[in-house]
Each structure stands twice: as structure tokens, then as C-alpha cells.
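Let's take a walk through a protein chain together, starting with the big picture and then zooming in on a few spots. Keep the sequence and the 3D view open as you read.

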Amino acid sequence: MLSGEVEAAQGVLAVANSFALSDAWVIDLGGGSMQVSQMRDRSCVFGSAYPFGAIRASEQFLGESDPPRPQDIEALRDAVDRDLGSLLLRMRAEPLPVIVMGGTVRNLARAIQRAEGYPWPQMHGYCLDGRALEMLVARLRSLSVGERAGVAGINPYRADSVLAGALVLQHVLSQAGLSSLTVSGYGMREGALMQEFLPAPHLIEDVRAFHVSNLAWCYPQPEDHTRRVIDLSRQLFDALTPLHGYGGPEAELLAAATVLHDVGKIVGHRGHAKHGEYLVAGATLGGFDHREQALLALLVRFHDAGYPSGSSYRSVLRDGDHRVLAQLTVCLRLAECLDRSLTGRVKGVGAVIDDEEVTLQLRADSEPWVELWETRRQAPLFLSAYERRLALVVAPA
């Protein structure tokens, strides 16, 4: 048996190692209790348990009528105010991202995703809008348990308790003046695992890099080729900066894509880019939001062929992301082409940019004829992404 404080601390540890956040409010909504914690500098500075788990709250407040009566719902909200009133005021005064874990919130999020036709397969990192939660609560409170079990996305085994959990979360968000919450696919058990196996203070130094390298470790690729593609893609990114104007976030995204670009070969060489997209999209990549992970999956998908398109994930992308995808894809694909023979003939690359043309200067000890042929084939893609013709010259390394 664990105390509420220990449970809260383990939940914070799970969040600290799966989100690129230093500070947050962390809520663990279980069946019997709910832990609320504050994370500062990736450490738990406060955490306590409250008797508002979905099953307990349902049995105590909503069990006498099906569907529940308005006065029963008000009684539950009043109880939350009595026990959490001062904490809710503190949350309002210190607005931070809210990370929520537990099966109930994942089930609520799944129902909202189904209703909205959300295209992304991952739950971890999903931003659940408070207005969408309010609309779902309004629907669920009018239904009987049997009817709730038929709502798309609702687990029939949670139909009797999911409403109580939804009411608690909705009231917490409302009273704390917060507009949304973020769903965590990690929970207390992952926190316990990290506490056991990571040295104190049990923190992963770079959350995003760790999860990318962990996925790459699960699906090994040729190390020498991957390292060369990483180096060449970064050189191309730097050389083309006057045209694309991107900075650290895009460079980090490109670096992650180069680490993962060949993971699909574990399934099969033919169609490995599509296999890779599937593996990246289906992984829990801590530290990446759904937009970033969608771009990452698409970079892997288009790293060797085709014109990049984000239409399949349109609702999780932003305006302007098509340009980001197209221009980063060029950096990744050209880097792949510049090591097509897998021999490391091309040692480096620079660029001379003018109004109509970009000349890539390849440094090589011998004529890299395979790499030249493959790279020239990407001239139409380069023109589409950068509105410049592509030319190549070779100089001694």
C-alpha cells in the first residue's frame, strides 16, 4: 500500500520523464482516489490524495438514480469545492500546464477524438479542450449507464463510473480557470519503474532525445549510414538557412527524423518508408506534441520518394506546416541521396545561393557518381520546396 503522497510523487516523475516541461500541475484520476501535485523544475513540490476517484465518486454521489439527478451532480461538485477549494484557488493563481493521467481521462479523450474524427493514433500528449469536455459531460449526464456504454470511444466497463470522473475533471478545470488539459499515456507505474531503475534524482536528462534514441534502439539501423545522414542533413539545413529561416525547433525535428528515417527496414526494405511512418506514429514519443510527432512521421514517410503531403494529419498540423515539411524533407532526402552507395564518399556539403539557383558543393575524395545521379533526380522536389534550381559541383575533401 502506498500513501497518496508517494503516488503523487511517482506520477510527477512519470510526467517529468515523458514531457518536455519543467513546471506543471499533475492530476492522477484513479478509481478510488485522485492525486493532485505540483511539479517545479521537474520535481514534486506538493502532492496529496483526495477521495474523488471515478468509482468512489460515482458510488457515493451518483449511484441512486440512472441517469443521475441534477442535485446529485451538484452534491459532487460541492464536495470537490469543500475538499479542493484552496488548491483550486492556488491553481488559478499559478496557471501551469495541466497533465492528467489515468484510464478515465484516456477514455474521455478517446470519446472526444472519435466524435471529432481526430486522425492521430496516439493518446499521450493529446490536448483535451475544456469546451469539448463540457459538451461530452452534457451528453453523458443525460444517458443511462447502458446508453453510455454505446457511446463511441467509451469503454463499456467504465460506463458506470466515467461520468463521475468527467464531472470532477470538468469542475477542477472550471474552478481553476483553465481551458484545457493534456493527457498522459504514462502513469504511476512508469514513475515507479523510473524510480527503481534510474539513478537519483531519477530524471532523464533530455526527454525528447531519449525517446527518439529508445525507438531507434528498438528497430536497429546501420549505424554508419545513419550517422552520415545525420551529419549531412544538418549541414544542408545550415547551408539553406538563408532560404528557410528556421531555427532550433526545426533543426531538432530534422535531427530526430534522421535518427529514425530507416526504422521501417525492420519490417521490410520494400516500402520501408511507409513502415517507418507507421512505427513513428504508433510510438509514445515523450516530449513531442502531436503536431511535432505527425511532422516527424511524415518526414520518415517521405525521406526517399514522393512529394510530401500532410493531408492525412491535417487537423493536427498548423498553417504553414506544409512548407516546413517540404523544406525539411529536402534536407533529409538529399542527405540520404548523398550517401546512396553507403560508402561515405561525400564527406561534407555546402551551398552557394543566388536568386535563381542553389549550387551544392560536395566534398569528396573521388567522383561520387551514384550520389550525383541520385541527388540530381531530386531537382524537381528542390525547386518545389525552395523555388530555386538545383546544381551540383564536386571539390576535393
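To count the pieces, we use DSSP runs numbered from the N terminus: a helix is a run of H or I with at least four residues, and a strand is a run of E with at least two. Counted that way, the protein chain has 17 helices and nine strands. Before going on, note that this is a predicted model, where local features need pLDDT of at least 70 and side-chain atom pairs count only at pLDDT 80 or more, while totals for chains, interfaces and linings use all residues. Residues are numbered from 1 along each chain as its sequence is written, and side-chain values use heavy atoms, with hydrogens and water left out.

How far does the C-alpha trace of the protein chain span along its principal axes? The answer is about 80 × 45 × 40 Å. A residue is called buried under 20% relative accessible area, exposed over 50%, and partly exposed in between (1.4 Å probe, protein chains only). Of the 397 residues in the protein chain, 53% are buried. A contact means heavy atoms within 4.5 Å. Looking at contacts with a separation of 6 or more, 71% link residues 24 or more positions apart.

Now find strand β1, residues 24-29. Six of its six residues are buried. What does β1 pair with? Two strands pair if DSSP finds at least two bridges between them. Strand β2 (residues 34-40) runs antiparallel to β1 and is joined to it by six bridges, with a hairpin of four residues linking the two. Trp25, for example, has Gln38 as its bridge partner in β2. Strand β4 (residues 98-101) pairs with β1 in the parallel sense, over four bridges, and here Ile27 stands opposite Val100.

Next, look at helix α4 (residues 103-116), where you'll find Gln113. Is Gln113 buried or exposed? Gln113 is buried, because its relative accessible area is 3%. Leaving aside neighbours within four places in sequence, Gln113 is in contact with Tyr118, Gln122, Met123 and Tyr126. The C-alpha atoms of Gln113 and Gly153 are 7.9 Å apart, although 40 residues separate them along the chain.

Two of those contacts bring us to the rings. Rings of Phe, Tyr and Trp (its six-membered ring) pair if their centres lie within 6.5 Å; planes under 30 degrees apart count as stacked, over 60 as edge-to-face and the rest as tilted. There are three aromatic pairs in the structure. Tyr118 and Tyr126 have ring centres 4.9 Å apart and planes at 70°, which is why the pair is edge-to-face. Tyr118 is partly exposed, at 21%, whereas Tyr126 is buried, at 4%.

Finally, check the cysteines. A disulfide here is a pair of cysteine sulfur atoms within 2.5 Å, and the count comes to zero. Cys44 is partly exposed at 32% relative accessibility, and Cys218 is partly exposed at 39%.
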